[in-house]
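Have the sequence and the model open as you read. The sections below walk through a few sites and point out what to look for at each.

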Amino acid sequence: MILELDCGNSFIKWRLIESDAVAPRLGGIAVGVEDILLGIPDGCPITRCRMVSVRGDKETETLLESVQAALGVAVVRATPARNVAGVTNGYRDFDRLGMDRWLAVVGAFHMCQTACLIIDLGTAVTADIVDSAGRHLGGFIAPGIGLMRGQLLSHTRRIYYGASEAESALADLGPGKSTAEAVERGCIMMLRAYVNAQVEEARSLLKSDFVVYVTGGDAALAAGLPGAQFVPDLVFRGLAVACP
Ligand SMILES: Nc1ncnc2c1ncn2[C@@H]1O[C@H](COP(=O)(O)OP(=O)(O)O)[C@@H](O)[C@H]1O
Ligand SMILES: CC(C)(COP(=O)(O)O)[C@@H](O)C(=O)NCCC(=O)O
Ligand SMILES: [K+]
């Protein structure tokens, strides 16, 4: 059994997968390594572990070492590359491209073998464009919905509301008639406008048909994007290609 870890800025996504299987056996979202260890059944035969992390080097090293120590298996960490599986990294400094973005791009091209747009809605919302020859044309990074909302709450005096108000604010998306509705709906509208703009950008750059993949913890916020395929495990798919 292989343990796979995707360490994002907010959460660690983890799953257990048989080496030749497509569907995972078990998985979850964790804050720290302890949560992952609690989620793994006793005696589960883990033989390998692969990891991708966008956390700092020191934090990543600590995570990796604690997993190795707890499970007694070597952890393989995905590292930057100029080319993987027919995809070429488009950054001038290829090692500065976030590894989650890179693996999502690799996973996406591996699936469709044609031009694609990859949108990942997590802490940040990223969009990456790949042409039909596998050339990554670059991408965009913007704050995710939590960061947008958080900036408003922390940088204004009179914007405040509770969790239950926030929850009921999304019953519909028309003009808000309370602070909670106005902020929650405004942030969603901004996010959707950004996502739609990415589709337009890809259309004008690629000048051909392309596949749109949506992933990340907040992918549901892009629901209704015409023709988009929701692939929650896109980063894991790329991780398996990059670290077989
Ligand atoms: N079960 C869950 N627990 C916590 N957050 C979740 C959950 N499901 C979806 N989310 C959403 O996922 C977002 C984080 O997405 P994620 O892709 O994990 O980010 P990152 O890769 O930056 O850590 C949060 O903003 C939250 O709204
Ligand atoms: C853009 C990101 C912050 C997204 O991280 P996430 O929202 O998945 O936690 C991450 O991919 C990153 O740190 N990238 C390095 C900068 C870059 O891609 O240019
Ligand atoms: K992300």
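The report covers annotated positions, a serine, a ligand site and some salt bridges.

## Ground rules

This is a predicted model, in which local features need pLDDT of at least 70, side-chain atom pairs count only at pLDDT 80 or more, and totals for chains, interfaces and linings use all residues. Residues are numbered from 1 along each chain as its sequence is written, chains are lettered from A and ligands numbered from 1 in the order in which they are written, and side-chain values use heavy atoms, with hydrogens and water left out.

Let's start with D120, where an unreviewed UniProt entry places the feature "binding site". UniProt positions follow the numbering used here, feature names are shortened, and annotations may be inferred rather than shown by experiment. D120 sits in strand β8, residues 116–121; helices (H or I, at least four residues) and strands (E, at least two) are DSSP runs numbered from the N terminus. Its relative accessibility is 11%, so D120 counts as buried (buried is under 20% relative accessible area, exposed over 50%, partly exposed in between, with a 1.4 Å probe and protein chains only). Setting aside neighbours within four places in sequence, D120 is in contact with V125, T126, T215, G216 and V235, where contact means heavy atoms within 4.5 Å.

The unreviewed UniProt entry also gives an "active site" at D100. This residue belongs to helix α3, residues 99–112. Beyond four places away in sequence, D100 touches V52, V54 and V235.

## A serine at the end of a strand

S53 is part of strand β4, which runs over residues 48–53, and is buried at 5% relative accessibility.

## Around ligand 2

Which residues are closest to ligand 2? Among the 13 residues that surround ligand 2, the closest are Y91, G98, D100, R101 and A124; a residue is near a molecule or strand if one of its heavy atoms lies within 4 Å of it. An N or O atom in the side chain of N9 is 2.8 Å from an oxygen atom of ligand 2. On the backbone side, a polar atom of R96 is 3.5 Å from a ligand 2 oxygen, and an N or O atom of T123 is 3.3 Å from an oxygen of ligand 2. Of the 460 Å² of accessible area that ligand 2 has on its own, the protein covers 77% (Shrake-Rupley method, 1.4 Å probe; for residues, only the protein chains shown count as cover).

## Salt bridges

The structure holds 13 salt bridges, each a side-chain nitrogen of Lys or Arg within 4 Å of a carboxyl oxygen of Asp or Glu. One of them pairs E4 with R50, with the closest N and O atoms 2.7 Å apart. E4 is in strand β1 (residues 2–7) and R50 in strand β4, so this pair ties together parts 46 residues apart in sequence. E4 is buried at 0% relative accessibility, and R50 is buried at 8%.

Another salt bridge joins E59 and R55, at 3.2 Å between the closest N and O atoms. Here E59 is partly exposed at 42%, whereas R55 is buried at 12%.

Methods:
Polar contact = N/O pair within 3.5 Å; in protein donor to acceptor, adjacent residues only side chain to side chain.
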